[in-house]
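Open your viewer and get ready to select a few residues at a time. This tour goes from one stop to the next, saying what to pick and what is there.

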Amino acid sequence: MTAATATFLPVPLPFNAAIRHRRRSSSSSSSSWCRDRDGLAFAGSSCGRVHQRRRVVLAPPSAVIPASDHWGNWTFLLGTAAVGLWSEQSTRVGKALSGALVSTLLGLAASSAGVVAADAPAYRVVLDYLLPLAIPLLLFRADLRRVLRSTGALLQAFLLGSLATTVGTAVAFLLVPMRSLGEDSWKMAAALMSRHIGGAVNYVAVSQALDVSPSVQAAGLAADNIICAVYFTTLFALAAKIPAEPAAAAEGGSDSALPAGADAERGLPVLQSAVAMAVAFAICKAGKFATSLLGIQGGSLPCITAIVVALATLFPSHIGKLAPSGEAMAVILMQVFFAVVGANGSISNVINTTPAIFAFAFVQIAVHLLLILGIGKLLKFDKKLLLIASNANVGGPTTACGMATAKGWSSLMVPGILAGIFGIAMATFLGIGFGEFVLKYMK
């Protein structure tokens with residue numbers, strides 16, 4: 001104990017030792033800050049000749065809205081979602097890009113500029129709670145018995161289009177393997193396959209289930225929106241010479257199959273909205289419980305999808321009436337999610353990965369279109385039937401209804417919506433299965 005204490009007491013130094021001690025102190029005090037090859041700061045006597053150095057990690061600059069500012073982050077997310085929806089409805093740029101992509105790009109720009117943090121507790125709430133909640137809210141109309149009963153030949157054409165997308169995915173992955181994405185390559189291929197059978201919600205569900213990185217998700221969304229713009233232009237060009245049908249009521253007669261936008265002008269009934277939200281929460285709880293009980297890997301979104309489709313099929317009169325208010329709320333939640341995808345991403349990663357995804361999606365959609373039109377012609381399907389089926393595959397129920405309305409094909413409006421809903425109900429499972437059992441071993 002005495003020896004230990006003695007080491008801390010001042011001890012007189014010999015003259016030469018004192019001079020050496022002062023020189024070392026002087027040299028240390030005049031050291032400059034330098035950076036090594038890893039970009040980390042260190043202190044040394046010079047940048048070129050350093051005997052001892054101290055590594056110091058430089059903290060990144062704080063965001064204008066820090067991660068701990070919950071009110072600020074939620075204001076940003078909901079504001080970005082609202083701007084995305086407004087741009088899609090009111091501006092040419094927004095209509096061309098889609099509200100989803102506008103919200104993603106705004107989030108990406110804000111994160112890169114230091115307006116918001118790249119990670120925040122609010123983002124985790126969106127991913128863990130709001131995203132799963134959007135799935136049942138979107139699928140309250142997914143009555144499979146009605147789909148099989150009401151779509152007729154259009155469902156056959158839609159299934160042909162789904163097969164064409166699957167083949168197109170395999171061909172595109174062979175030709176454009178997207179090696180720059182690393183382990184995300186086959187996962188992105190599976191996500192885009194589900195996107196071009198169902199819709200954006202399936203792209204999100206598969207990306208989350210397979211753990212695709214946020215930057216790659218944002219890049220995939222950006223590339224796919226460009227490809228879809230070209231695709232829809234081509235589709236309307238192919239339909240240019242097909243005349244409208246004589247004025248008649250849409251097949252199936254009821255407007256109960258119309259998507260959320262059709263009910264927007266009527267307003268949302270308070271009681272129906274409250275019940276829809278409560279049912280959606282209960283379905284998410286059941287999906288989370290089933291995922292944990294069965295030990296299913298890859299998240300709860302597939303289980304939540306299966307439960308809501310089963311309920312919509314078994315109890316269509318009770319679940320279906322919740323759809324108008326449910327879909328409107330789901331659109332808002334999905335827009336908030338796309339803002340999070342952008343905020344989590346990196347502009348440099350998006351720029352580096354988008355060209356490969358763009359080339360892949362181009363080949364995938366081109367093969368899909370060639371196969372559905374070519375095989376459909378051999379099977380003697382009506383061309384307008386094939387075009388609406390393809391639209392329901394790649395664009396989803398809303399764009400299929402929009403094309404049928406714009407072209408005056410009234411008999412295909414409701415069947416096109418139902419076929420698109422059927423695709424959304426099935427595409428998540430098809431994408432994950434094809435990815436895990438086929439694409440994973442093709443890389």
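**Stop one: the second largest cavity**

Start by selecting Tyr203, Val204, Gln217, Leu221, Phe337, Phe338 and Val341, which line the second largest cavity. Colour by element, and you will find that H10, helix H11 (214-238) and helix H15 (323-344) each give two or more residues to this lining. H15 has the largest share, with three residues. Keep in mind as you look around that this is a predicted model.

How big is the space you are looking at? The second largest cavity has a volume of about 30 Å³. Its lining residues divide into six nonpolar, one polar and no charged.

**Stop two: where H10 meets H15**

At what angle do H10 and H15 pack? The angle is about 50°, and their axes are 12 Å apart. H10 and H15 are therefore oblique to each other, and their crossing is left-handed.

To see the contact, select Ala200, Val201, Val204 and Gln208 on the H10 side, then Met334, Phe337 and Phe338 on the H15 side. By class, this contact has six nonpolar residues, one polar and no charged.

**Stop three: the largest cavity**

Next, select Ile135, Leu139, Val201, Asn202, Ala205, Thr305, Ile424 and Thr428, the residues that line the largest cavity. Two elements give two or more residues to this lining: helix H10 (200-209) and helix H19 (413-437). H10 provides the largest share, three residues.

The largest cavity holds about 40 Å³ of space. Its lining divides into five nonpolar, three polar and no charged residues.

**Stop four: the second largest pocket**

Now turn to a pocket. Select Arg124, Leu127, Asp128, Leu131 and Gln208, which lie nearest the centre of the second largest pocket among its 22 lining residues. About 390 Å³ of space lies in this pocket.

Which elements supply at least two residues of the lining of this pocket? They are helix H6 (121-138), H10, H11 and H15. H6 supplies the largest share, six residues. This lining divides into 11 nonpolar, six polar and five charged residues.

**Stop five: H16 against H17**

For the last stop, show helix H16 (residues 347-378) and helix H17 (residues 383-394). The axes of H16 and H17 come within 10 Å and cross at roughly 150°. The two helices are therefore roughly antiparallel to each other. H16 passes H17 in a right-handed crossing.

Select Ile365, His368, Leu369, Ile372, Leu373, Gly376 and Lys377 of H16, together with Leu386, Leu387, Ala389, Ser390, Asn393 and Val394 of H17, and you have the residues that make the contact. By class, the contact of H16 with H17 has eight nonpolar residues, four polar and one charged.

Technical notes. Residues numbered from 1 in each chain as written. Predicted model: local features only at pLDDT ≥ 70, side-chain atom pairs only at ≥ 80, totals over all residues. Heavy atoms only, no water. 1 Å grid on protein atoms, 1.4 Å probe; cavity = no way out; pocket = protein on both sides within 12 Å on 5 of 7 lines; lining within 4 Å. Points joined across faces, edges and corners; volume = space filled by probe spheres on them. Helix = DSSP H or I, 4+ residues; strand = E, 2+ residues; numbered from the N terminus. Nonpolar A, V, L, I, M, F, W, Y, C, P; charged D, E, K, R; others polar. Axes fitted to C-alpha atoms, helices over the stretch in contact; angles between N-to-C directions. Parallel < 35°, antiparallel > 145°, perpendicular 65-115°, else oblique. Left-handed = near helix turned anticlockwise from the far one by under 90°. Contact = heavy atoms within 4.5 Å.
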